[in-house]
2 protein chains.
Amino acid sequence: MSRWIQEGDNVDITNERKKGTFDTERLSAWIHGGTDVLKRRREILEFVKSVDDFKDPVPVEFLSREERILNNARKVVAMTDNTDQIDGSDFFGEGMYYQALTMGRDLHAMSLHYVMFIPTLQGQTDDEQLDEWLTKAISRAVVGTYAQTELGHGTNLSKLETTATYDPATEEFVLNSPTITAAKWWPGGLGKSSNYAVVVAQLYTKGECKGPHPFIVQLREDDTHLPLKGIRLGDIGPKLGINGNDNGFLLFDNVRIPRKHLLMRYAKVKPDGTYVAPAHSKLGYGTMVFVRSIMIKDQSTQLAAAATIATRYASVRRQGEITPGKGEVQILDYQTQQFRVFPQLARAFAFMAAATEIRNLYMIVTEQLTHGNTELLAELHVLSSGLKSVVSWDTAQGIEQCRLACGGHGYSQASGFPEIYGYAVGGCTYEGENLVMLLQVARFLMRAAEEVKKGTAKLADIGAYIGRTGAKTSRLTTHHHYTDAQLVEDLEHAARKQVFRAYDRLKKAQQHLKPEDAWNSVSVELAKASRWHVRVYLVKNFLHKVSLAPQDLKFVLVDVARLYAYDIITSSTGAFLEDGYMTSAQMNEIKEGIYECLAKIRPNAVSLVDSWDYDDKELKSVLGRRDGNVYPALLEWAQNSQLNKADVLPSHTKYLGPMMKDARSKL
Amino acid sequence: MSRWIQEGDNVDITNERKKGTFDTERLSAWIHGGTDVLKRRREILEFVKSVDDFKDPVPVEFLSREERILNNARKVVAMTDNTDQIDGSDFFGEGMYYQALTMGRDLHAMSLHYVMFIPTLQGQTDDEQLDEWLTKAISRAVVGTYAQTELGHGTNLSKLETTATYDPATEEFVLNSPTITAAKWWPGGLGKSSNYAVVVAQLYTKGECKGPHPFIVQLREDDTHLPLKGIRLGDIGPKLGINGNDNGFLLFDNVRIPRKHLLMRYAKVKPDGTYVAPAHSKLGYGTMVFVRSIMIKDQSTQLAAAATIATRYASVRRQGEITPGKGEVQILDYQTQQFRVFPQLARAFAFMAAATEIRNLYMIVTEQLTHGNTELLAELHVLSSGLKSVVSWDTAQGIEQCRLACGGHGYSQASGFPEIYGYAVGGCTYEGENLVMLLQVARFLMRAAEEVKKGTAKLADIGAYIGRTGAKTSRLTTHHHYTDAQLVEDLEHAARKQVFRAYDRLKKAQQHLKPEDAWNSVSVELAKASRWHVRVYLVKNFLHKVSLAPQDLKFVLVDVARLYAYDIITSSTGAFLEDGYMTSAQMNEIKEGIYECLAKIRPNAVSLVDSWDYDDKELKSVLGRRDGNVYPALLEWAQNSQLNKADVLPSHTKYLGPMMKDARSKL
């Protein structure tokens with residue numbers, strides 16, 4: 001018996017697993033980076049399962065926000081008590097897995113402590129500050145967050161309103177929130193959990209504003225945890241998701257902090273108030289690329305979870321007859337169902353491949369930089385911004401497709417989908433709003449187009465296609481003879497065409513508009529060019545990775561990769577049919593290719609999603625359970641409802657009961 | 001001052017209103033059906049505002065599910081106590097508005113009582129039953145729901161598992177749930193509120209199954225409200241939305257009900273157990289068409305609410321500079337923002353126009369039927385199924401676009417979006433799963449295509465284009481000279497092409513597959529044909545309605561209608577470029593047309609959304625407030641957070657506090 005088949009499982013799901021034509025365990029190892037990694041995943045899983053503090057008393061969707069916060073606080077202390085169980089340096093791998101298993105999709109009181117507070121200390125403090133604050137932060141003597149965004153200010157940092165005015169008399173900075181829109185707003189853990197924060201404020205000294213700078217600020221008293229004088233803060237209320245976190249607001253009223261609480265690795269203020277400007281740029285691209293590569297991994301993990309749930313459920317759900325009298329079929333047999341779910345499965349594979357690759361690229365670039373080589377840096381930064389944008393949007397859409405594919409039960413929180421969607425779709429907005437990101441990518445593309453026109457382009461592999469002269473027509477004959485190289489050429493054609501369409505429109509607009517207005521007037525076309533640029537990369541990278549897979553896995557992965565690519569092409573047929581680059585007949589070939597991929601993936605679908613190696617503890621979905629015993633589990637899950645604690649609720653006793661009694665008396 | 005401008009409003013939003021180039025009040029009247037209707041809306045609004053029982057103690061998003069249920073029970077009793085305030089026969093108009101104002105997007109304990117229980121009694125009882133039960137239901141002596149769907153069965157009614165076995169000895173039916181999958185699951189108000197239900201069960205008599213039939217069943221004891229013997233029921237737990245409703249489960253264990261509780265207008269069972277089959281079909285198309293036209297109105301109302309919020313917020317939110325040094329601009333000035341939000345605004349207008357039209361069509365068909373004229377019936381039924389599917393999906397997508405356009409604050413429940421989305425997206429699944437609906441539409445289209453091929457087609461106006469021979473190329477010259485007729489021809493070309501593509505593929509598949517398998521193998525293409533069919537109708541109907549508008553409104557509506565149509569075309573460019581029907585130059589014309597529409601709508605955007613006549617009480621969005629004073633209101637809203645009731649939470653006292661204290665002691 002395979003790891004995935006057990007006694008007592010739903011018969012349909014077991015049959016699916018039995019008819020899989022590849023070794024699930026080998027694909028798991030390929031996905032996760034080797035059998036050693038798989039082994040470590042399972043050790044971590046067993047450890048987490050063995051610790052009582054990690055167990056939720058009931059599924060968290062039945063907890064009130066107060067209960068969720070309390071439950072998460074217990075878990076996060078246990079999680080950070082036991083970091084010796086994982087390789088902490090492998091945050092991308094073991095760290096993320098450990099956190100997913102322990103905290104689920106709720107994040108926790110110390111999320112920003114680890115993701116933003118500590119890295120900021122590491123990057124922005126001088127040596128003396130580093131000693132003091134890093135020690136406190138790592139030992140968990142303080143819990144910190146990162147307070148930058150304000151109620152009225154997100155994307156545009158230069159307009160932050162919080163002020164830190166230097167007072168040489170006392171050698172202190174005085175923090176103020178001059179308006180309501182200056183309220184810090186959104187930082188995770190700020191409302192109730194943190195007692196410290198890195199606060200970004202406009203630095204004023206000697207009557208001059210020196211722009212936004214980071215300060216370390218104590219928010220709450222050590223022992224009582226009460227807010228310090230002049231500090232007003234709290235939770236910002238419920239959100240679409242991640243409600244186990246106390247995202248907070250923060251207002252300052254003449255709060256004084258020592259001069260040395262300005263983080264002084266770069267800029268400094270001397271005791272007399274003299275400002276010393278930073279010698280170097282304050283932030284390298286490196287951190288951003290790293291954070292975004294983590295996001296891409298995280299997003300792909302959520303999409304894969306959604307595809308796992310939808311695929312498994314569709315294998316046990318029987319509804320409707322295809323052939324009358326032959327009994328109800330598994331809904332996975334409907335072509336429309338496959339067309340909804342399998343492209344999401346394919347996207348998840350593609351995004352995972354990209355997440356790995358971009359992390360590897362980050363390593364290479366970091367290495368190159370130590371030798372002063374910046375060849376790849378700009379393109380990599382651009383790519384990671386674009387990937388973040390395309391991946392988070394496609395992930396959100398894909399999760400909802402998977403949810404809708406589960407019919408009514410997908411709408412229940414038992415499915416896990418509402419939580420997965422609420423968590424993942426946040427990625428479209430945080431860490432750079434998606435459209436803003438795409439327009440950053442477009443700046444690079446327009447520069448590249450300009451250089452190509454001038455013949456001065458020197459593009460790394462990722463953008464090299466922009467400088468190529470492609471063929472006038474696609475080389476596709478039949479989809480069975482469509483090579484990877486031809487497919488990529490066709491996608492590059494579409495991307496290049498859109499890049500130059502945007503470029504030409506921009507040039508034209510610049511003739512009668514100011515540069516900024518011209519840019520704005522073609523921004524929809526620019527964003528479109530950016531999406532194409534990213535999609536070309538995603539397909540190329542995925543096809544390449546699959547081409548290197550061992551034969552016994554490649555034969556199944558090829559269909560997944562083709563489905564991913566064909567889905568992109570047939571979702572934008574106009575880009576290929578335009579000017580006769582492809583004929584209708586060629587496009588029909590690709591459509592036939594999709595239907596063939598769906599049919600070929602069908603028998604392996606459950607094994608494909610199994611190979612992602614989700615344990616039920618991580619998946620947290622009644623519909624996506626490994627054993628397929630969905631219906632009894634749904635009934636059991638529902639018993640936890642807050643409304644089922646009593647047979648008769650006050651809503652009856654106080655309102656509906658008297659209403660009915662009164663009416664009965666008058667009948 | 002206009003109705004919408006008041007002292008103390010945000011300056012930016014006031015300026016937007018001042019620069020509007022049409023009379024908002026006149027457009028409101030046009031949208032809602034005349035000045036009399038507007039007057040009635042405002043009377044209803046004033047009444048609702050005057051009744052204390054309709055006031056929420058805090059915004060409902062801060063209530064636990066128990067509190068929400070209690071709050072809603074109070075409101076629904078008050079709502080039904082005061083039905084004399086509205087014209088109850090005008091459910092589509094006054095009824096829906098009154099309910100939206102009082103209950104919001106949470107539905108309520110008696111939703112199914114009014115939407116399903118009472119109509120089923122009216123439609124399915126014999127005269128004697130009608131007297132008894134309708135009196136009880138209308139007087140609110142009982143609260144009923146409609147229990148059809150089961151845990152394992154939704155779409156395919158014939159496979160429902162609940163049994164009602166006739167026992168002639170006692171002249172009773174015995175109800176049983178033979179399996180877990182037979183549990184009734186999802187009915188609104190079933191868990192805790194209702195004491196009666198119409199239960200659909202397989203009728204067995206004399207050892208034979210006669211298929212699913214409706215029975216009236218008492219679930220809870222009159223006085224104690226405790227479940228009756230043999231009945232197990234409860235709430236099914238939290239969902240993506242509508243958590244103020246106790247959707248329930250229900251299991252029967254030998255529950256006996258009198259023979260006369262079979263609803264006997266059509267089928268009957270005599271005392272000896274003889275089954276009398278129904279003489280007529282049990283359900284006319286009429287009810288379904290009516291329910292779906294209500295859904296289309298409801299969905300368009302939600303999308304319009306989302307567009308209102310996003311448009312107003314984008315007019316007060318300033319972020320980033322277009323021209324450096326000129327100050328931050330209203331985000332509504334970014335083309336990408338307009339491109340996200342305005343098409344949703346246009347869709348909402350188009351869907352409202354369709355909702356009105358389909359209700360009018362329903363009236364005509366009902367009238368025709370009294371004369372035995374069934375000419376329009378089938379097409380109307382098909383159209384309403386298709387509209388439900390396309391409108392609910394586009395609405396869900398559109399709401400999310402509006403939410404994302406509001407950046408971080410869109411993610412907060414203060415925005416109203418999470419509630420609007422959770423509520424509206426349910427429409428993709430209930431009242432006929434969207435893909436199932438589209439495939440029903442496709443049956444009609446394939447029949448029509450077959451008849452066209454045979455020369456026997458007799459299609460009403462809605463589908464007449466299928467039988468026409470269109471031109472080989474589009475007549476579009478420039479978008480300024482693109483007539484409505486030409487535009488519709490082009491859309492009809494795309495729709496017809498897809499209908500026949502699906503038809504040809506179906507015929508081809510039938511050559512080597514059984515009919516059912518052939519159908520399944522082309523179902524993706526079939527669904528696509530159905531979507532085109534519906535979209536042609538939506539555009540035609542909207543253009544037509546706008547063409548009849550008075551001049552002083554038409555000039556602004558024309559751009560909205562064009563944006564709607566152009567957005568459809570440019571989202572599927574391939575369908576028009578294929579086989580040279582349009583050239584790239586022609587497609588570029590349409591793209592330019594979009595940008596021109598965006599720019600022309602921009603100055604009227606706030607006035608356009610104002611004209612939908614949302615009061616803040618209905619909109620329930622801090623971001624979408626009439627007065628535009630978003631930021632202070634966000635801060636005030638957040639104070640309601642459950643987590644802000646105490647300065648220091650147990651999560652600190654129990655877990656995080658001791659952790660930090662311990663670490664401090666070791667420093």
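Modeller: Thr149(A) has a relative accessibility of 28% and therefore counts as partly exposed, since the buried class requires a value under 20%. The model is a predicted one, and Thr149(A) is one of two residues that an unreviewed UniProt entry lists under "binding site"; the other is Gly188(A). The two are spread over 40 residues of sequence, yet they cluster in space, with a largest C-alpha distance of 11.1 Å.

As to its setting, Thr149(A) lies in the loop that links strand S1 (144-147) to strand S2 (163-167) of chain A. Once neighbours within four places in sequence are set aside, the contacts of Thr149(A) are Gly154(A), Ala183(A), Lys184(A) and Trp185(A).

Gly188(A) also belongs to a loop, namely the one between strand S4 (184-185) and strand S5 (196-205) of chain A. With a relative accessibility of 8%, Gly188(A) falls under the 20% limit and so counts as buried. Residues up to four places away in sequence not being counted, Gly188(A) touches Leu112(A), Thr145(A), Ser194(A), Asn245(A), Asp246(A) and Asn247(A).

In chain B, the partners of Trp612(B), apart from neighbours within four places in sequence, include Ile31(B), His32(B), Arg41(B), Leu345(B), Phe349(B) and Met352(B).

Conventions
Residues are numbered from 1 along each chain as its sequence is written. Chains are lettered from A and ligands numbered from 1 in the order in which they are written. This is a predicted model: local features need pLDDT of at least 70, side-chain atom pairs count only at pLDDT 80 or more; totals for chains, interfaces and linings use all residues. Side-chain values use heavy atoms; hydrogens and water are left out. UniProt positions are given in the numbering used here, feature names are shortened, and annotations may be inferred rather than shown by experiment. Helices (H or I, at least four residues) and strands (E, at least two) are DSSP runs, numbered from the N terminus. Buried means under 20% relative accessible area, exposed over 50%, partly exposed in between (1.4 Å probe, protein chains only). Contact means heavy atoms within 4.5 Å.
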